[in-house]
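Here's a quick briefing to read with the model open in your viewer. Grab the sequence too, and we'll go through it topic by topic.

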Amino acid sequence: MSFDGGKLIWLNGRMVPWNEATIHIMAHALHYGSSVFEGIRMYKTPLGPRIFRLTDHMKRLYDSAKIYRMPIPYELHELINVCKEVIVANDLTDGAYLRPIALRGYGEIGLAPKPDHPVDVAIAAWHWGAYLGNEALEQGVDVCISSWQRAAPNTLPALAKAGGNYLSSQLISTEAKRLGFAEGIALSTDGTVSEGAGENLFVIRDGELMTPSANSSILPGLTRDSIIKLAKRLGMPVKECTIPREALYLADELFFTGTAAEITPIRSVDRIQIGSGKRGPITERLQRAFFGLFNGETDDNDGWLEDLQPVAKS
């Protein structure tokens, strides 16, 4: 069954019908994983539709492409505006998920692309609800420690949100679901905690928030960054540090963060109950602060909410 998510996709400079947005079967990215992408949410707010940290996400797209020496043939402000155009073109006013992607297209089939290898760019948008289920935001999810570890430093760049990196995530998530869990958590090569298959992780113990640091082979997510900032404003201490596996079992609360997962509590790890076995009070307070950005209860002091008006070249 195909995924028919929307009406139109922007592909290489023009809007095309969803089912006609295709690339060649011999595209470099299809064979070698040479793509970079983003996931971005738009929310309905009292002021109208607002895209959460759109510019920051798009800057990371260019950063990921830079790491892989992949020149994106459009300027940043152009693709920011295209994201907004795609939302309007698909009549998405009550929440949406955006997927910009840049990939090495049809050219030479050799492993090492030449500097002039064509790069295709597409941006899609569709309505997408809570990634791990609406009930998970309150009741939490059951997770396991995966047998698959994250890539070691200086193998694959964890700071790049690249398609090839997500082969690791597929192994982690499919293993977890095969074993009856909602999601898996990966360890880094030294056996300490890294992140979920597609989410960052926070540990709460004695009122203190801890999250694995960038040297734990994580992709430092923008939702993760937002939660760190919101927690500090609420007077909650936050540490980015190395976290041993057993700290997960002893936590008072655990939660995932991510564009898709938003803030999802974890109620058990490897069948060991965490706290009360559902969303804890600190997680709930952070959820209120985060979702308050979109219902008007939390002030947007950082300009994270971007409207659908076109932006000029900076």
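Arg271 lies in the loop between strand 15 (262-269) and strand 16 (272-273). Keep in mind that this is a predicted model. Arg271 has a positive phi of about 70° although it is not a glycine, and its charged end sits over the ring of Phe181, 4.1 Å from the ring centre.

**Backbone spots with positive phi**

- Is Arg271 buried or exposed? At 55% relative accessibility, Arg271 counts as exposed, because the cut-off for that label is over 50%.
- Ser217 is another non-glycine residue with a positive phi, this one near 60°.
- You'll find Ser217 in the loop that runs between strand 12 (208-212) and helix 6.
- With a relative accessibility of 10%, Ser217 counts as buried, since buried means under 20%.
- Gly235 follows helix 6 and has a positive phi as well, near 80°.

**Helix 6**

- Helix 6 covers residues 222-233, which makes twelve residues.
- From first C-alpha to last, helix 6 reaches 17 Å, close to the 16 Å expected at 1.5 Å a residue.
- Which residues of helix 6 are buried? They are Leu222, Thr223, Arg224, Ser226, Ile227, Ile228, Leu230 and Ala231.

**Aromatic pairs**

- Searching the whole structure turns up 13 aromatic pairs.
- One of them joins Phe52 and Phe290: the pair is edge-to-face, with 5.6 Å centre to centre and 90° between the planes.
- Why is that pair worth a look in sequence terms? Phe52 belongs to strand 5 (residues 48-52) and Phe290 to helix 8 (residues 281-295), so the contact ties together parts that are 238 residues apart in sequence.
- Phe52 and Phe290 are both buried.
- Phe290 also pairs with Phe294, again edge-to-face, at 5.3 Å centre to centre and 90° between the planes.
- Phe290 and Phe294 are four residues apart in helix 8, so about one helical turn separates them.
- As a general point, an α-helix has 3.6 residues a turn, so residues three or four places apart point the same way.
- For accessibility, Phe290 has a relative accessible area of 1% and is buried; Phe294 is buried too, at 5%.
- Zooming out, ring pairs link Tyr43, Phe52, Phe290, Phe291, Phe294 and Trp304 into a cluster.

**Helix 2 against helix 3**

- Two packed helices are described by the angle between their axes and the distance between the axes.
- Here helix 2 (residues 54-67) and helix 3 (residues 76-89) pack at an angle of about 125°, and their axes are 10 Å apart.
- The crossing of helix 2 and helix 3 is right-handed.
- Leu61 sits in helix 2, and with a relative accessible area of 0% Leu61 is buried.
- Leu61 and Leu76 are 15 residues apart along the chain, and their C-alpha atoms are separated by 9.4 Å.

How values were computed. Residues numbered from 1 in each chain as written. Predicted model: local features only at pLDDT ≥ 70, side-chain atom pairs only at ≥ 80, totals over all residues. Heavy atoms only, no water. Phe/Tyr/Trp six-rings, centres within 6.5 Å; stacked < 30°, edge-to-face > 60°. Helix = DSSP H or I, 4+ residues; strand = E, 2+ residues; numbered from the N terminus. Buried < 20%, exposed > 50% of the residue type's maximum accessible area, 1.4 Å probe, protein only. Lys NZ or Arg CZ within 6 Å of the ring centre and 35° of its normal. Expected span 1.5 Å × (residues − 1). Axes fitted to C-alpha atoms, helices over the stretch in contact; angles between N-to-C directions. Left-handed = near helix turned anticlockwise from the far one by under 90°.
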